[in-house]
Every structure is written in C-alpha cells, then in structure tokens.
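Welcome! Here is a short tour for anyone meeting this structure for the first time. Have a look at the chains below, and then read on.

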Amino acid sequence: MSNSTEEGAILSWQSAPRRLVTLYLPLALFVFILLFPFYWMTITTFKPNAELYDYKNFNPFWVVHPTLANINKLLFETSYPRWLMTTMLVAICSTVLAIFASVLAAYAIQRLRFRGANAVGLAIYIAYLVPPSILFIPLATMVFQLGLFDSPLALILTYPTFLIPFCTWLLIGYFKSIPYELEECALIDGASRLQILRRITLPLAVPGLISAGIFSFTLSWNEFIYALAFISSSEKKTVPVAILTELVQGDVYQWGSLMAGSLLGSLPVAIFYSFFVDYYVSSLTGAVKE
Amino acid sequence: MADTTAAVPWNPRRSAPGALARLLDNKAFLVFLCLLPAVGLLLVFLTYPLGLGIWLAFTDTHIGRGGEFVGLENFESLWYDQVFWNAVFYTVFYTLVATVLKFGLGLWLALLLNENVPFKSLIRAIILMPWIVPTVLSAIAFWWMFDAQFSIISYVLVDVLGWRTSYIDFLGTPWHARWSLVFANVWRGIPFVAISLLAGLQTISPSLYEAALLDGASSWQRFTKITAPLLMPILSVVLTFSVLFTFTDFQLVYAITRGGPINSTHLMATLAFQRGIPGGQLGEGAAIAVSMIPFLVLATLFSYFALSRRKWQQGGNDE
C-alpha cells in the first residue's frame with residue numbers, strides 16, 4: 001500500500017484530464033471488451049425468440065420480456081444435468097489424482113534431496129510443454145486398446161498428464177518456502193519422513209494445495225480435445241463437448257439455448273473463481289515466476 | 001509419541017519396526033515410492049503416446065485396424081497437399097499475429113493496472129474472467145457475435161454508428177474468418193499476459209523510478225531503461241508458453257469455424273483431428289501432429305535458455 005501512495009505522490013503532477021485520457025479511458029475500454037461477451041451471453045440467455053432476432057423493434061442490448069424458457073429447455077429437455085454431473089466427476093477425480101501424485105513428487109524432489117532430483121524436476125517441467133494437440137491421436141488408440149473408450153475413466157487418467165507438471169512446480173515452490181529446520185526438528189524427535197510430510201509440511205503448504213487444486217479443477221473443467229476424442233455416447237460427454245456437439249443441430253442454431261448452456265457451463269468455474277481469486281492470481285504468477 | 005520412544009527404548013515393538021516401516025525409512029525406496037504416481041502417469045500417458053504418435057506417423061493405421069510401416073508416405077502425401085500447407089500457413093500466421101497483439105495489448109493493460117487506480121484488485125479479478133471460463137463456451141459466444149445476420153458488432157457499426165452500410169460476413173470469407181479467430185484468441189489471451197506481466201512489474205522497486213524521475217528521465221526513457229529490461233526475464237517465459245499454446249490451439253477454431261470456409265482457417269491441430277478421428281486416418285493425422293514438433297522444440301529451447309539466464313541474473317540463488 002505504501003508503494004502505491006508513494007507512486008501516487010510522484011504521479012500527482014499529472015493533470016486530471018491527462019490521467020483520464022491516458023489511464024481511465026483505455027482501462028475502461030479494456031474492461032468493457034473483456035467482459036462484453038459474458039454480458040452478451042447472459043442477455044441472450046434470457047431473451048425470448050421474438051426479441052432475439054428482431055433488432056428493429058427491440059434494443060438488442062436489453063431484454064424487455066426476460067424469459068427462463070431457454071434454461072428450462074436446457075435443464076429438462078436435454079441431458080444437461082447428466083453432462084454437468086459427468087464433468088464434475090471427471091474434474092474432481094482427476095484433480096484429486098493429480099494433487100496426490102504432485103504432492104509426493106514435489107516433496108521428493110524438493111526435500112528428499114536425492115541425486116538427480118533437479119533432472120527429474122526439469123523432466124516434469126518439460127512434460128508441461130508437450131501439448132495435448134499432439135498426443136490425442138496416439139492416446140485415442142491407447143484408450144481404445146485399454147478398453148477405456150467412451151468411459152469417464154479415460155479422461156480421469158489422461159487429464160493428470162497436463163495437471164501434474166503444473167501442480168508439481170507450484171508445490172515445489174511452496175515447499176521451498178517452508179523452513180527446513182522444522183523438518184529437522186521432527187526428524188530428531190523420531191518422526192518418519194511420511195509423518196513429517198503429513199503432519200508438518202502439508203499443513204504449512206495448504207495455500208499451495210488450494211492453488212493447485214482450484215487450478216487443476218478449472219483446467220479439467222475446461223479441457224476439450226481429449227473429451228471430444230475419447231467419448232462418443234451422448235450422455236457421457238462433458239459440458240463443453242456436449243454443448244458443441246449435441247446442442248448444435250442442423251443449420252438453424254438455437255442461439256438462446258446455446259448461450260444458456262454456455263452460461264450455465266461457465267458459472268461453476270466463475271463462482272469457484274470468485275471465492276479464490278487471490279489463490280488464482282498467486283498460482284498463476286507464482287508458476288510463471290518459478 | 002516421541003516421548004514414549006525415548007522413555008522405553010527397549011520396547012521390542014519399537015526397536016524392531018515392521019518390514020514396511022523399515023522400507024519407508026530407506027531413502028531410495030521412499031524416493032521411488034514418492035515419484036511413482038507422478039512419473040508413472042506421465043510415462044504411460046505422455047511419454048509413451050508421444051513415441052507412439054511418432055511411430056503412427058510412419059504407418060497407415062486406420063481406426064479399427066492396425067497399420068503397417070509405410071516409411072515417409074504420409075509426409076510425402078502431405079507435401080503435395082494444399083490443405084496441409086494452408087494449415088501450416090494459417091497456424092504460423094495465427095500464432096505470430098495473435099502473439100504480437102496479445103503481448104502489445106497485455107503489456108499496455110499491465111502498465112495501466114500498475115498505476116494507482118481505484119478498485120484495482122476488483123478490476124484485476126474481473127479481467128481474468130476470459131481466461132477462467134471454458135474456451136469452448138466463450139468461443140460459442142463469439143460465434144454468436146460473429147453471426148452473419150445478427151452480429152451485435154455489425155449492428156453497432158451499421159445501425160448505431162453508421163460507419164458501414166452492410167453487415168459484415170465475419171465467418172463467411174477466408175480472411176474475415178481468419179481475423180475473427182485471431183481476435184477471439186487475443187481476447188482470451190490478454191488476461192494471462194497482463195496478469196503475469198503485472199506480477200513482474202510489481203517486483204520492480206519504485207525507488208528506481210524515483211531516481212530516474214529526479215534525474216529528469218521522460219516516461220518513455222523510464223519505460224525503455226527500467227521497465228523493459230527488468231521485465232525481460234518474466235516476459236520471455238510468458239512468451240514461450242503463449243507461443244506454444246497458441247501454436248497448438250484447437251478449441252477456438254474447432255468451436256467457431258471447424259476449419260471452414262473452404263479449409264481456410266484450419267490449424268495444424270484441427271486438421272490433424274479432422275483427418276485422424278472423424279476421418280479415421282490415424283496415421284495421417286499423427287503425421288500432421290508430428291509436423292508440429294520441430295516448432296515446439298524451438299520454443300522449448302527458447303524457454304530453457306530464458307530460464308537459465310534468469311538464474312544467472314538473480315545471482316544463482318536456485319539450488
């Protein structure tokens with residue numbers, strides 16, 4: 001805070017109109033453009049069809065007769081609740097799996113100090129640079145041979161490949177910030193390594209665990225290409241895939257229900273995000289700085 | 001618990017721990033056990049498929065039947081494939097243009113947010129929204145905004161501002177579609193760049209700016225002599241990730257145009273998907289995906305050297 005007041009004092013020679021043009025105006029424009037698609041999504045969701053395609057008689061930026069018909073149709077005439085449940089299941093399971101694996105790996109790399117720890121850390125970092133776009137074809141053949149095709153298990157097992165590298169690096173950073181002396185004390189008191197991890201390191205790394213957890217959850221919720229390639233039956237699809245493949249039928253797009261689906265599919269992560277904003281920002285920037 | 005072991009050291013249950021406990025105290029075994037889940041998952045579902053993908057690229061595998069080794073046949077047919085070269089061109093174009101715009105605008109936004117503005121943390125929070133929301137879902141919103149008949153952008157340009165006389169066919173002609181997708185990608189990418197760079201900006205000590213101000217440096221000089229050099233390490237890391245993920249982008253294009261009109265907006269990833277999964281030619285799809293690897297290796301090396309330079313700059317405080 002003291003930084004910003006100092007900065008304010010320095011910049012106070014700048015006149016108010018100049019600040020308005022160089023600072024507030026561009027900032028307002030940025031915020032407007034970054035948020036407008038969400039506003040448009042929301043407003044379309046509540047528009048009746050009569051208003052949706054009639055810009056002459058109705059101002060498109062507002063709803064005159066808001067309706068829940070689109071949401072109603074989505075919830076009760078499609079398998080939308082099923083898709084939500086599947087997505088939730090896949091996101092939670094893969095997050096738990098990824099966090100479990102990452103905690104152990106990060107602990108081993110950062111605290112067990114074995115030879116080659118840095119090499120393993122680097123290898124895991126490089127794994128983050130292998131994008132799903134070049135893996136989905138061979139993975140599809142593997143999933144098929146393992147008999148996992150069209151099963152949520154295929155997603156739960158493959159999502160950790162892009163979650164683990166990120167979480168491991170995030171947690172290595174967190175473990176690094178915990179004083180090693182604490183562990184030494186426990187070692188002298190006769191605690192085993194796993195006890196130390198469970199009783200001392202993990203409780204101190206809770207912020208890191210939350211960051212890694214919400215990040216993994218969001219990434220799993222948003223994942224698209226694996227879910228598109230590995231799942232074929234309608235009721236097992238995840239929300240992003242289902243909206244694109246099940247709600248888009250023929251040439252006439254039902255924009256109302258498409259937007260309702262997008263809005264409802266975005267809400268869980270948006271709500272989740274609003275509770276943990278600071279964790280998101282710290283994990284995002286922490287991972288980049290690490 | 002520590003008390004009991006110290007007080008009764010002769011307790012046979014304590015002095016002769018079970019085989020499992022002894023194993024867990026063996027460091028080599030413990031390291032192995034801790035790394036097993038992460039490394040195991042990555043080896044099975046990342047390293048092996050990477051190798052398998054390269055192998056598939058040299059076979060004629062189809063869905064439902066194993067393939068045989070065909071050498072460079074897939075790459076040869078791609079070499080004469082106009083659609084493939086279109087995809088390579090558009091992937092490079094999309095990556096270059098979107099990255100330049102994302103970083104230009106993202107840096108600008110970061111500099112604005114680094115000023116003393118009211119509701120800073122709230123603005124920072126809502127600005128990240130495009131990055132948090134599932135890409136496909138915001139892409140569908142863009143699809144609707146790019147609609148030929150009911151686009152809200154056209155409505156504003158034609159009916160409100162009167163700058164144009166006809167509605168724009170955003171996704172109907174190749175170049176319009178290409179720029180529309182770049183726009184959507186930039187929209188989605190700005191928050192990540194801005195927030196990362198903002199974190200970098202906040203680590204720069206304000207006393208440097210004070211000193212420069214006292215020495216009479218202009219704001220442009222302060223930017224080029226203080227901000228830019230100190231921001232460079234974090235900028236290069238963010239840049240590498242951004243280039244990597246833009247180059248291998250799939251969702252936006254698949255959701256909005258699916259490669260159309262007339263294959264003009266296919267990225268290498270969407271083309272690989274189209275040939276590989278719905279088309280069933282896994283070998284050819286894998287060959288397209290493998291063609292992306294050289295570009296990715298270049299980006300990775302760039303990242304590696306940027307990182308090592310960073311450690312040196314910080315006085316090598318790492319390990």
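Of the 290 residues of chain A, 44% count as buried, where buried means that 20 or more other C-beta atoms lie within 10 Å of a residue's own, exposed means 12 or fewer, and partly exposed is in between, with C-beta atoms placed from the backbone. In chain B, buried residues make up 40% of the 319 residues. Please keep in mind that this is a predicted model, in which local features need pLDDT of at least 70 and side-chain atom pairs count only at pLDDT 80 or more, while totals for chains, interfaces and linings use all residues. Residues are numbered from 1 along each chain as its sequence is written, and chains are lettered from A and ligands numbered from 1 in the order in which they are written.

**The two chains**

The table sets out the secondary structure, in which helices (H or I, at least four residues) and strands (E, at least two) are DSSP runs numbered from the N terminus.

Chain A has a radius of gyration of 24 Å, well over the 19 Å that the globule rule gives for 290 residues, so chain A is more spread out than a compact globule. The radius is taken over C-alpha atoms, and the rule is 2.2 Å times the number of residues to the power 0.38. Along its principal axes, the C-alpha trace of chain A spans about 80 × 70 × 30 Å.

Contacts tell us about the fold too; two residues are in contact if their C-beta atoms, placed from the backbone, lie within 7 Å. Among the contacts in chain A with a separation of 6 or more, 76% are accounted for by residues 24 or more positions apart. For chain B, 66% of the contacts between residues at least 6 apart in sequence join residues at least 24 apart.

**Domains of chain A**

Chain A is divided into domain 1 (2-67) and domain 2 (73-289), with bounds that come from an automatic or database domain assignment. The C-alpha centres of these two domains of chain A lie 32 Å apart. Their contact takes seven residues from domain 1 of chain A and six residues from domain 2 of chain A. On the domain 1 side, helix 2 and helix 3 (49-52) of chain A are the elements that give two or more residues, and helix 2 of chain A supplies the largest share, four residues. That side of domain 1 of chain A divides into two nonpolar, four polar and one charged residue. Here Ala, Val, Leu, Ile, Met, Phe, Trp, Tyr, Cys and Pro count as nonpolar, Asp, Glu, Lys and Arg as charged, and the others, Gly among them, as polar.

**Where the chains meet**

How many residues does the contact take from chain A and from chain B? It takes 84 residues from chain A and 80 residues from chain B. Helix 2 (residues 16-45) of chain A gives the most to the chain A side, with 12 residues. By class, that side has 60 nonpolar, 19 polar and five charged residues.

The largest nonpolar core has 161 residues, and those with the most contacts inside it are Ala105(A), Leu171(A), Ala38(B), Ile140(B), Ala194(B) and Ile256(B). Such a core is a set of buried Ala, Val, Leu, Ile, Met, Phe, Trp, Tyr and Cys residues joined through C-beta atoms within 7 Å. Helix 5 (residues 80-111) of chain A gives the most to this core, with 14 residues. Domain 1 and domain 2 of chain A both give residues to this core, so it lies between them. Not counting residues up to four places away in sequence, Ala38(B) touches residues including Ala101(A), Leu104(A), Ala105(A) and Ile164(A).

**A closer look at some places**

Tyr226(A) sits in helix 13 (residues 225-230) of chain A. This tyrosine is buried, with 24 other C-beta atoms within 10 Å. Leaving aside neighbours within four places in sequence, Tyr226(A) is in contact with Pro132(A), Phe136(A), Leu139(A), Leu155(A) and Thr158(A).

In chain B, nine of the nine residues of helix 15 (residues 268-276) are buried. They pack against helix 7 (132-145) of chain A together with helix 6 (82-113), helix 14 (251-256) and helix 16 (282-290) of chain B.

Ile262(B) is found in the loop between helix 14 and helix 15 of chain B. Its phi is near 35°, a positive value in a residue other than glycine. With 12 C-beta neighbours inside 10 Å, Ile262(B) counts as exposed.
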